[in-house]
Every structure is written in structure tokens, then in C-alpha cells.
Amino acid sequence: MWRLSINLLLLLFITIACSGDGKKASSDNSEEFIRVENGQFRLKGESLYFIGTNFWYGPILGSQGKFGDRDRLVRELDFMKENGITNLRVLVGADGPDGVPSKVMPALQKSPGVYKRELLDGLDFFMNELAKRDMYAVLYLNNTWEWSGGYAQYLNWAGYGPVPIPSVAGWDAFSAYVADYFSCDSCVTLFKDHISEIISRTNFYNHRKYSEDPNIMSWQIANEPRPMGAHNKEAYVAWIKEIASHIKSLDTNHLVSTGSEGQAGSEEDFDLYARIHADTHIDYLTMHIWPKNWSWIHVEDISGSLENAMHATDEYINKHIALSQKLQKPITLEEFGFPRDNHQYVLADSTIYRDTYYQHIFERILQSSQENDVFAGCNFWAWGGYARPADDHLFWQIGDDYMGDPAQEEQGLNSVFDTDHTITVIRQYASQLNR
């Protein structure tokens, strides 16, 4: 009897131990998520390097409202996947009222905590389609710039008055307005509430919580967050820290990134950029490069200034890579754009110089992958795909195709379309990275 009891106890112990191990194994899905280890992205036991794109409007296409186009979304994703583009940087949704000049529409968050359900459904559909194709999203939650609401919209909701639209009121008026963002406690509270709403959401199509969706690579604090004035530096650092910590408190599965342009988005203070990326809740570094906006090329002589642009690009990349190596965190070039050869917005204009510039960047990533270094990937700006610019106007109007250029920019300025030779260049390098 005693011996039988001991055997039963032993059997019970083994059963509990095995079931515990089994439970741990079944819930331990860490291999499904993109991680950072020793300065590299890792996925399913392998180092990860990628060529991706910016596809900010993907969830809008995924919606079933009058602005949605699921057939096009499916075609776009299939085409990207076929050409080696598997990492998409995407806007979760715009904020505020529709019909504002130079602003994306329709907006997801109409007023604080009030969402257009069809656009949340579009985000769900979009993420479920990524899962079908083993594609990954960097989802950004806010924006310095007016084209999706962002800082300015939160200030408006907090009672700071009408938003001065840069194209109407001028850049100085807009800058002065959004500079108050970091001293607006209610703005931060509203933003944190929005983050909580999105991260805690369950996808309607696959019944997976967003916090448990392995096809999300990273939650990104904002598109090109800036302190908007040297006097805001300390408040900016504190904001990044608070928001990153808040995201991690809700979701321990996913990476968190800033969305920073680098030194150019840090009041030209490289130490400021280093400080925000040294935070333990920030998993990797980001940088953006804009040769036209930063006067590295001259639109009247793109061919003659291309070499200068590539040289300046190398200097900028090298400086940020050095910090990345020091912090032992990977870095991505998640925005870079380049106009067509004659600075026109039509597909008939060739892309020889753009392709040369893209190739120059892709070579750097390929070299990094061969050396197991920190420069891990890029997302070019931006995806145009099957869209086509309108013949009779430059800026987006209701009924126009969505493309990579947001509403405040000339449609076709930086978009890469399905028939561009640029696609061939992308495919060639993506295939080498994915071997």
C-alpha cells in the first residue's frame, strides 16, 4: 500500500512536471516574433535583413467603406511579396476631422477615443492579409506632421485652438503651435489612451490580440518625432521614455522604435538622438534620409548632383551606424525618397538616377548582412504600386488612387509604381538578402 502510494505520488509528480514543461513550450512563442540579439534582428533562429517599403495607406485600402479597395490591397501585397518586399511601415490611422487641407482622409480617430469602426476593421483585415504572406508591419501611432493629425490634433483636442495648416498659415505658425505638445499633459494622456486601445485590440479576422500578433515587427511611437525646438529637448526625452515604457507595459512580445529621422530630426543634436535610443525600452535605431529636401541633389541637375547625394548619404549612415554598434542595437533606414529623373510626377519619366541611388543603399545593407553587422534593413518611401496619378491635378482629391505620397505632396513625387524599373532593382537585392 505504501509502495503503491509512493508510485502514485511519483507518477503524479512526473505528470505535473511534464504538463508544466508542455505548457511552457506551447506558450513560449518567442521564436515567432522578431527579436533583437547582439545588435541583430533575429527571427526563427536566423538573422534578419530586409528591403521594405512605406505603405502608410494599407489599412485604408483594407476597409470596407467608400475609401477601401480590398481587391487592390490583395494585389499589392501579392506583388510586393513576389518581389521580395516583406516589411511594411504603416500608419495605424489618422486623427481628427476629415476635409482638412493637406490631410489624409478618412481619419481613424475622429475625436479622442472615438473610432471609425470600418477603419479598425480595415486594420484588422490588413494585418490578417500580412499573416497569410509571412509579411511584417512596423505600425506607427502618432506623427509630428499635420498630414495625419498627430501632435497638432492632440493639441487641438486639448483646447489649444485651431490647427494652423502649414500650406495655409505657413511653417512658422505651425511650428510654434506644435512646440507646445510636450508641455501638454492631457495630450500625453490622450495619446496613451489611444495606444492602449490599439494594442489591446483583438483582430476580428484571426481572433488574435494585437499584442500577440507575430506579424507586427514593431510598435513605433511616431512618424519622425521631433522636439520642435531646442527648449523642448528634455521634455522630448521624457516623452519618448514615458511612451516607450507605456507600450512595453502593455506588450512584451514586440519591439518598440522611435521613428526618428536621426540627427536631422533631433535639432541637429546627435547626443539627443543617442539619448533617446539608449533607453532600455527602445529596441533599435531608425534614421531617414531625404536628398532633395536636404539639398543634397538639385532638381534642375539630378544627374550632376547624384554623386554628392550618395557621398552625403554615406556620411549620414556611417555616423548613425557607429552609434548603433556602440549601443549594440540594429538600425534601419526606414525612410528615403528620390524623385524621377526629370522631377516629373508621371510614369513616363524614367528612374535611372533613383535606381542608382536605391542600389547604393541596398549594397550597404547587403554588405552589412554578409558581415553580420547592425545595418539591418530599409523601407523606401514609398509604395505606389498599381495606383496612377491623376492627369488634371497634382494633389490628392477624393476619388484619386492612394499612393505613397501623402495628401500634402505632389502625387507621384516619390512613389514607386509597379511598372517602374526600380522594381527590378529591389527584386535583385531582396533575393540576395533572403538566400
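In which loop is Pro106 found? I traced Pro106 to the loop between β5 (87-91) and β6 (109-111); strands here are DSSP runs of E with at least two residues, helices are runs of H or I with at least four, and both are numbered from the N terminus.

Before going on, I noted that this is a predicted model, where local features need pLDDT of at least 70, side-chain atom pairs count only at pLDDT 80 or more, and totals for chains, interfaces and linings use all residues. Residues are numbered from 1 along each chain as its sequence is written, and side-chain values use heavy atoms, with hydrogens and water left out.

**Cis peptides**

I looked at omega for Met105 and Pro106 and found a cis peptide bond, at about 5 degrees. I found another cis bond between Trp381 and Ala382, with omega also about 5 degrees. Ala382 sits in the loop between β13 (375-380) and β14 (383-385).

**Disulfide**

I counted 1 disulfide in the structure, taking the term as a pair of cysteine sulfur atoms within 2.5 Å. Cys184 and Cys187 form it, with their sulfurs 2.3 Å apart. The angle about the S-S bond is 80 degrees, and the link is right-handed. Both cysteines, Cys184 and Cys187, are buried (under 20% relative accessible area; exposed is over 50% and partly exposed lies in between, with a 1.4 Å probe and protein chains only).

**Helices α10 and α11**

I next checked how α10 (residues 270-278) packs on α11 (residues 302-327): the angle is about 35 degrees and the axes are 11 Å apart. Axes are lines fitted to C-alpha atoms, for helices over the stretch in contact, and angles run from 0 to 180 degrees between N-to-C directions. From α10, the contact uses Phe270, Tyr273, Ala274, His277 and Ala278, and from α11 it uses Lys319, His320, Leu323 and Leu327; contact means heavy atoms within 4.5 Å.

I also looked up the length of α11: its 26 residues reach 36 Å from first C-alpha to last, close to the 38 Å expected, which is 1.5 Å times one less than the number of residues.

**Positive phi**

Just after α11, I came to Gln328, with a positive phi of about 55 degrees. Gln328 lies in the loop between α11 and β12 (331-336). Buried or partly exposed, I wondered, is Gln328? Gln328 is partly exposed, because its relative accessible area is 42%.

His343 has a positive phi near 55 degrees too, and is not a glycine. I placed His343 in the loop between β12 and α12 (352-370). At 16% relative accessible area, His343 is buried.
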